[in-house]
Amino acid sequence: MYTYLFSILWFSFACSDKSEDAATEEPLTCDTTGLDAVAGEAVVNDDGWFLTSTTADGSHLSVQSWSNWGGPDSTGTYGLEGYNFQDCGLCLLLFTDCPEGAEPRLPFNTECETVYYADQGSVELSNIDLSEEGAVTAVLSDVFFTEVTVSADDFVSTPVEDPDIWCVDGEYSGDVTIEEGSWSNSEMIGLPMPDLTAPDQNGNEVNLSDFQGTMLTLLFNANDWCPYCVNEVARAEALWQEMNAADERYDVSFVELLYDEPEPYEGPASQEDAAAWAEEYGLTYPVLHGADVQTYFDDNGPGAFPCYWIVDPLGQIRAVECGQMSMTSAKVLEHFESFLVENPDWTRE
């Protein structure tokens, strides 16, 4: 389902790709203008910061900054053009027709009947103090929210037929609340890694349990609909080689679970898809694919792309790392040192 995410290069590409069409597109017309908030709160956790402004009728304006995918944590003015909700680092959503007592849920609110996504305008972050006594202030200028649906599988935001447009200018702020944890699934940390048998890019059946005895890095990745997944796989082979050279006290294994096929992304990756993926990015480690890989992710996975598990030599999941460039050889080494402290009699076979 899930992942990010948000580089300047991607922003430049997305904007330049649309520039030729901009002159021929009709300007948007506002169906609703303005939003008066009566309350605001900024939540800070391991994923980033999330400013929510609530109106008297229970609608919610949500400014979301995803830190692992390039969301800003400093003051400045940021444009919204060129992004889908699937690939934004700074994301603006508006929820209406919400049941009484509904609270926005990350990454989007499934309780509210109507969702709007902002893909035009700019946001000035005039104040960002993410400490316990801090506050966040966002000033919206010429922001157009378009009525959309948001896929729970890959977070693609799609305008509905004849969408309503909600135009918002104004200042929104909230005091900071610090929350522990992350929206990605960290409940697996400390548990034994569930086994999986699936084919790799060469058609060989691979069992994850066969890597017990090594420090296993397991990459959960999606196909090329996810630009951050592409960026991650482009560095994955070199990352694995770096891990291999980092410490001779242990073996390192690296396995990628490729969730889906390329466009139209309607099913699991096939043998042909995995082989093409491995060839394009020069991958020599196993790339597992197929329906069982999708089921494994849906049942056990971290809930986002790209994400990693670090699994110790006894098969225990020690860490969940999500986001582009979130994995390093130093993190694997750090968890190996912790493993040795907990298991002083362990010896490499």
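**Disulfides and a cavity in a predicted model**

Cys30 and Cys167 are joined by a disulfide with their sulfur atoms 1.9 Å apart, where a disulfide is taken as a pair of cysteine sulfur atoms within 2.5 Å. This is a predicted model, in which local features need pLDDT of at least 70 and side-chain atom pairs count only at pLDDT 80 or more, while totals for chains, interfaces and linings use all residues. Residues are numbered from 1 along each chain as its sequence is written, and side-chain values use heavy atoms, with hydrogens and water left out.

**Disulfides across the whole structure**

- A search of the whole structure finds 5 disulfides, and when the bonded cysteines of the protein are numbered in sequence order, the pairing reads 1-6, 2-3, 4-5, 7-8, 9-10.

**Cys30 and Cys167**

- The link of Cys30 and Cys167 is left-handed, with -90° about the S-S bond.
- This pair links distant parts of the chain, 137 residues apart, with Cys30 in the loop between helix H1 (8-22) and strand E1 (32-33) and Cys167 in strand E10 (residues 165-178); helices (H or I, at least four residues) and strands (E, at least two) are DSSP runs, numbered from the N terminus.
- Cys30 counts as partly exposed because its relative accessibility is 34%, whereas Cys167, at 7%, counts as buried; buried means under 20% relative accessible area, exposed over 50%, and partly exposed in between (1.4 Å probe, protein chains only).

**Cys98 and Cys112**

- Cys98 is joined to Cys112 by a disulfide with an S to S distance of 2.0 Å, and the torsion about its S-S bond is about 110°, so this disulfide is right-handed.
- Both cysteines lie in the loop between strand E6 (90-96) and strand E7 (114-128), 14 residues apart.
- Cys98 counts as buried at 18% relative accessibility, and Cys112 counts as buried at 6%.

**Cys226 and Cys229**

- The sulfur atoms of Cys226 and Cys229 are 2.4 Å apart in their disulfide, which is right-handed with 75° about the S-S bond.
- Cys226 and Cys229 are both buried.

**The second largest cavity**

- About 40 Å³ of space lies in the second largest cavity, a cavity being a set of points on a 1 Å grid over the protein atoms alone where a 1.4 Å probe fits but cannot get out, and a volume being the space filled by probe spheres set on the points, which are joined across faces, edges and corners.
- Residues lining this cavity (those with an atom within 4 Å of a point) include Met193, Leu208, Phe211, Val311 and Asp312.
- The lining divides into 5 nonpolar, 4 polar and 1 charged residues, where Ala, Val, Leu, Ile, Met, Phe, Trp, Tyr, Cys and Pro count as nonpolar, Asp, Glu, Lys and Arg as charged, and the others, Gly among them, as polar.

Definitions and conventions: On a 1 Å grid over the protein atoms alone, a cavity is a set of points where a 1.4 Å probe fits but cannot get out, and a pocket is an open set with protein on both sides within 12 Å along at least five of seven lines; lining residues have an atom within 4 Å of a point.
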